[in-house]
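Here is a friendly tour of the structure below.

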Amino acid sequence: MSREPLTMDRHPLSVSPNPSAVDRDPSSVNRSPSAVDRRPSSATDHGPRTTDHGFRSTDHGLRTTGQGPRIGVFVCHCGKNIATTVDVERVVEALASYPGVAYAARHEYMCSDPGQDVIKKAIKEHRLTGVVISACSPSMHETTFRNAAEEAGLNPYLVEIANIREWCSWVHNDAVTTDKAIRITRAMVEKVKGNHPLVPVEVDHAVKCLVVGGGISGIQAALDIANAGYEVLLVERSPSIGGRMAQLSETFPTLDCSQCILTPKMVEASRHPRIRLLTYSEVAEVAGYLGNYHVVIRKKPTYVDPDKCNLCGDCVAVCPIRVPSGFDQGLSERAAIYVPFPQAVPSSYTLDEVNCLGLNPLRCSECSKVCTVGAINYDMREELVEEDVGAIVLATGYDLYGKEMMGEYGHGTVPDVIEGLEFERILSAGGPTKGEVRRPSDGKIPKEVVFIQCSGSRDPELHKSYCSKICCMYTAKHALLYRHNVHDGTAYVFYIDIRAGGKEYEEFVVRAMEDERILYLRGKVAKVFRDGDKVMVWGVDTLTGKRIEIAADLVVLAQAMVPSAGTEELARKLHIACGGEGFLKEAHPKLRPLEALTAGIFLAGAAHGPKDIPEAVAQGSGAAAKAIAILAAPTLTHSPEVAEVDEDLCSGCAVCVPQCPYSAITPGDVAHVNELLCEGCGTCVAACPSGAMRMKNQTDAQVKRMIQVALGAEPVEVGRA
Amino acid sequence: MPEAPFEPRIVAFLCRWCAGAGADLAGTSRIAYPSNAIPIRVNCSGRVEPEWVMEAFRSGADGVLIGGCHPGDCHYVSGNYKTRRRIYLLKKLLGELGIAPERVRLEWVSATEGAKFARVMKEFVAELKELGPLAVDRGPSSVDRDPLTVEARRETRVGA
């Protein structure tokens with residue numbers, strides 16, 4: 001593939017300080033292409049349409065000779081996506097006759113190989129100095145087209161995308177939709193006329209990864225990255241890794257013991273030579289960019305030295321404090337000094353300073369007195385851990401939608417109305433009832449249990465509009481395990497419909513319905529209230545139309561999943577987006593489900609949306625693979641579309657300096673921009689009072705031309721007064 | 001066509017991370033809205049120069065929309081705060097010049113708010129229809145002048 005160095009040399013803004021003079025001078029050195037340029041106006045080549053849907057411009061002969069821009073415009077039909085509401089042929093015609101456009105063509109699918117070939121061929125044959133692709137959002141195919149152009153010898157930064165699909169054809173269907181597409185495209189032609197060829201900057205990067213969240217998804221991501229040979233910093237907010245999965249009794253559909261399959265991974269993570277585990281820690285600050293994030297982790301004091309603690313438990317016996325255990329969802333109590341659960345990793349006690357009488361020998365110090373190994377240290381202080389990481393995986397997990405919100409189901413007022421995670425703890429061998437199903441209020445074995453699905457989910461009026469995805473499955477599991485525990489008990493499940501889309505999921509639900517004789521009632525529960533020691537459940541079976549009234553002993557709500565507390569705050573620190581419901585937002589819902597919009601940040605597990613364990617694990621592995629791709633790259637490239645200083649114009653006033661969020665500008669006689677630090681936001685450019693600060697390939701003049709053309713003012717060639 | 005109903009002309013500067021992505025989502029979700037605005041993508045709403053707004057009015061716009069990330073969510077940390085200050089000042093200036101400040105609209109639209117983007121467009125178009133066409137002496141384009149002034153400034157400085 002032959003490269004064409006002339007494209008760079010002949011760029012309208014890079015050639016000569018006085019292009020108009022060159023244009024006027026017929027004997028100018030770079031006139032040689034003019035012979036070829038005149039060719040399109042010859043009679044044979046002049047047909048309105050060529051076989052490849054290409055149009056040759058007919059009225060630009062004078063403008064495109066010599067030094068002028070030679071822009072190629074390629075309009076995509078996108079099947080019917082664009083062509084239904086935008087008259088693609090008319091767009092091509094309108095652009096073919098536009099000043100500076102040397103070639104215009106259309107294609108059914110510009111992104112297809114034949115479509116890209118049209119572009120490559122035109123770049124070579126028409127010696128294009130710039131390309132505009134009028135198609136879908138640049139977030140879709142900017143890279144595709146820039147690569148294609150590069151293969152044909154055109155600098156990729158001379159290629160721009162005019163978004164006539166998301167911003168036009170998909171949202172409009174009126175008389176001026178085509179006109180709008182033309183204006184968007186013409187404006188982009190004006191931008192490309194002013195673009196310069198640029199070369200990406202090579203940057204070194206850190207070869208360490210930060211994983212936030214020590215649940216199963218985060219553990220999986222950390223293990224995969226560490227096993228690939230890279231250092232991992234695994235940060236977990238609570239005293240132990242394990243996350244929600246550690247709280248579960250059995251897992252559907254295989255009924256594996258949750259902890260039994262989880263704990264080996266927890267141990268592996270804690271013993272891995274390349275994983276540094278920071279529990280009881282939170283991300284305090286994040287700065288930097290892809291490949292070079294600087295993170296500050298706040299490690300809270302546990303007041304217990306994990307190296308000395310031998311887990312004897314003497315401290316717990318003497319601690320005078322008892323508070324509800326978070327791990328047991330409040331169904332049991334723990335002391336102020338505690339291990340969340342026996343298999344906790346790291347296996348060490350944590351003294352919870354909020355509930356402790358005072359971390360002061362004068363106030364209590366009972367635990368310290370009995371600790372024979374001297375592990376308790378009231379002087380332990382918060383520690384700030386600073387690291388440079390190349391990539392970040394976020395696996396911060398989920399919480400259950402607040403039970404205080406479920407007043408209609410008696411949650412909070414009726415003691416024997418509990419939520420799914422509480423029932424998991426009741427079913428767990430290590431739980432508050434040692435695995436026996438007993439209800440919280442009086443410890444009686446419940447004989448009639450009602451499970452209510454979609455509690456808080458799929459209820460846009462009052463609660464969450466989305467489906468929490470795992471509740472159909474875990475409710476079937478709950479009911480089944482209950483029946484295994486209480487052989488003479490009756491289990492009822494109220495459901496809207498059953499969503500069992502997963503490997504062997506449907507079979508599991510059928511097993512619950514048919515083999516385990518769980519009574520599935522299709523309908524919603526209207527009211528739950530206390531009647532003596534019974535919990536009355538009023539509902540409707542919509543299949544029979546009958547009113548249902550059950551005097552139950554226990555009601556279990558399949559509460560909606562919500563992002564874990566602090567997800568939004570963390571997203572804010574990382575400058576990534578959360579969706580309307582607070583789950584972390586992916587870069588593209590279909591094609592980039594593992595990535596945040598910010599490069600180098602990846603999403604895993606339920607922080608991204610309701611997910612079951614295999615999905616969370618798969619996404620953890622997927623995010624790890626994405627992170628490894630960054631860590632393994634010899635160098636990363638930094639966009640060259642950054643700010644630059646015109647030293648002739650800069651007065652050194654330094655107005656720009658405080659504008660920069662990245663401290664990329666050094667003041668002086670003239671300002672200096674560090675192009676590795678500059679992220680290209682352009683805030684400094686907008687602030688510069690003398691026009692000295694410029695955004696590469698998005699100068700003021702370019703944007704103003706775009707504005708004029710967008711609004712239909714008469715076009716003027718860039719570079720001429 | 002003097003009898004045709006007034007359709008305001010709008011330029012919309014959309015940041016690529018939030019408002020632009022929100023507009024993309026409006027597209028993917030096929031949420032229809034009036035076609036009056038020609039969008040121009042910028043990296044950050046902080047890149048939007050008040051001068052561009054003036055250029056848009058000079059070039060025939062009846063309204064200018066600037067779409068950025070929600071406060072606190074700026075991809076570039078704080079660009080949207082700077083935009084907010086600049087646009088606040090610009091609106092004061094517009095009032096002085098006899099241009100209704102409502103012709104400039106600053107909106108925070110996140111990447112997930114496709115429906116909000118469409119709603120903002122509808123509202124803005126309706127509002128501009130109420131206001132009617134912008135009738136001012138638009139004067140010569142600054143692009144026609146700028147290269148000269150910049151050149152002149154450069155010469156003065158280099159020569160000095």
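## A residue, the cores and an interface

Gln259(A) lies in helix α11 of chain A, residues 258–271; helices are DSSP runs (H or I, at least four residues) numbered from the N terminus. This is a predicted model, in which local features need pLDDT of at least 70, side-chain atom pairs count only at pLDDT 80 or more, and totals for chains, interfaces and linings use all residues. Residues are numbered from 1 along each chain as its sequence is written, while chains are lettered from A and ligands numbered from 1 in the order in which they are written.

Gln259(A) counts as buried because 23 other C-beta atoms lie within 10 Å; the cut-off is 20 or more, with C-beta atoms placed from the backbone. Setting aside residues up to four places away in sequence, Gln259(A) touches Ala246(A) and Gln343(A), where contact means C-beta atoms within 7 Å.

The largest nonpolar core has 216 residues. Such a core is a set of buried Ala, Val, Leu, Ile, Met, Phe, Trp, Tyr and Cys residues joined through C-beta atoms within 7 Å. Helix α18 (613–632) of chain A gives the largest share of this core, 9 residues. Apart from it lies another core, with Phe508(A) among its members.

| Core | Size | Some members |
|---|---|---|
| Largest | 216 residues | Val131(A), Val11(B) |
| Another | 47 residues | Cys454(A), Ala479(A) |

Between the chains, 50 residues of chain A are in contact with 54 residues of chain B. On the side of chain A that touches chain B, α20(A) supplies the largest share, 10 residues.

Definitions and conventions:
Buried ≥ 20, exposed ≤ 12 C-beta atoms within 10 Å, placed from the backbone. Helix = DSSP H or I, 4+ residues; strand = E, 2+ residues; numbered from the N terminus. Contact = placed C-beta atoms within 7 Å.
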